[in-house]
Amino acid sequence: MITIRRSRPDEGDRNIEIWRSAVDATHDFLTPADRLAIDDMVCGFLPQAPLWVAVDENDRPLAFMLIDGGHMEALFVDPAHRGTGIGAALVRHGLALHPKMTTDVNAQNDQAVRFYERMGFRQTGRSPVDGQGRPYPLIHLEHLN
């Protein structure tokens with residue numbers, strides 16, 4: 001059984017572990033240098049970020065989501081638990097809080113693009129670079145009720 005709750009300060013290492021394994025499984029388009037630079041940035045803020053976590057029956061985080069002002073900044077699922085509905089449960093939780101939630105997805109991450117489309121998100125725009133100006137195009141999405 002999956003429970004969704006707020007993250008705790010002592011879970012920073014686990015959430016970084018989830019992020020790293022998820023990125024390694026889905027972001028093969030990143031250059032090694034960019035992957036390292038992004039890792040440094042994530043390690044600097046993720047442990048203190050106000051995350052929603054999906055935990056198993058032992059209260060171990062399996063996935064997390066970060067929402068800021070109705071915009072989902074991050075959704076990452078431990079690859080060992082992908083395809084089990086955990087990501088969808090987190091998104092539904094976010095939508096209960098923010099029915100018109102928005103997010104951005106890397107255009108090169110086809111699996112994520114299809115996931116968000118299945119969840120009812122529709123494209124509202126595109127950017128040729130990511131939020132840090134790197135050459136990874138983004139698709140801007142909004143949930144349409």
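Visitor: How many bridges join strand S4 to strand S5, and do the two run parallel or antiparallel?
Guide: This is a predicted model, and in it strand S4 covers residues 71-77 while strand S5 covers residues 102-106. Within that pairing, His-71 has Thr-102 of S5 as its bridge partner. The two strands run parallel, and the number of bridges joining them is 2.

Visitor: In what order do the strands of the open sheet lie, and which are the edge strands?
Guide: The open sheet has 7 strands with mixed pairing, in the order S1-S2-S3-S4-S5-S7-S6. A strand at the edge pairs on one side only, and this holds for S1 (3-6) and S6 (121-127). From one strand to the next the twist averages 30 degrees. The edge strands are therefore, by their pairing on one side only, S1 and S6.

Visitor: Which strands does helix H4 touch, and what angle does its direction make with that of S5?
Guide: Helix H4, residues 110-118, packs on the sheet, where it touches S4, S5, S6 and strand S7 (138-143). The direction of H4, taken against that of S5, makes an angle of about 155 degrees.

Visitor: Why do the buried residues of H2 line one face of the helix?
Guide: The buried residues of H2 are Asp-34, Arg-35, Ile-38, Asp-39 and Val-42. Seen down the axis of H2, these residues fall within an arc of 140 degrees, so they line one face of the helix. The face turned away from that buried side carries the exposed residues Ala-33, Leu-36, Asp-40 and Gly-44. As for what the buried residues of H2 pack against, that is helix H1 (12-26).

Visitor: Which element gives the largest share of the largest nonpolar core?
Guide: This core has 24 residues, of which Met-72, Leu-75, Val-91, Tyr-116 and Phe-121 touch the most other members. Two or more residues come from each of S2, S3, S4, helix H3 (86-97), H4 and S7. The largest share, 5 residues, comes from H3.

Visitor: Which residues is Tyr-116 in contact with, leaving aside its neighbours within four places in sequence?
Guide: Tyr-116 is among the residues that touch the most other members of the largest nonpolar core. With those sequence neighbours left aside, its contacts are Met-72, Leu-75, Val-91, Thr-103, Val-105, Phe-121 and Leu-141.

Technical notes
Residues numbered from 1 in each chain as written. Predicted model: local features only at pLDDT ≥ 70, side-chain atom pairs only at ≥ 80, totals over all residues. Heavy atoms only, no water. Buried < 20%, exposed > 50% of the residue type's maximum accessible area, 1.4 Å probe, protein only. Helix = DSSP H or I, 4+ residues; strand = E, 2+ residues; numbered from the N terminus. Arc of directions from axis to C-beta. Contact = heavy atoms within 4.5 Å. Axes fitted to C-alpha atoms, helices over the stretch in contact; angles between N-to-C directions. Core = buried A, V, L, I, M, F, W, Y, C linked by side-chain atoms within 4.5 Å.
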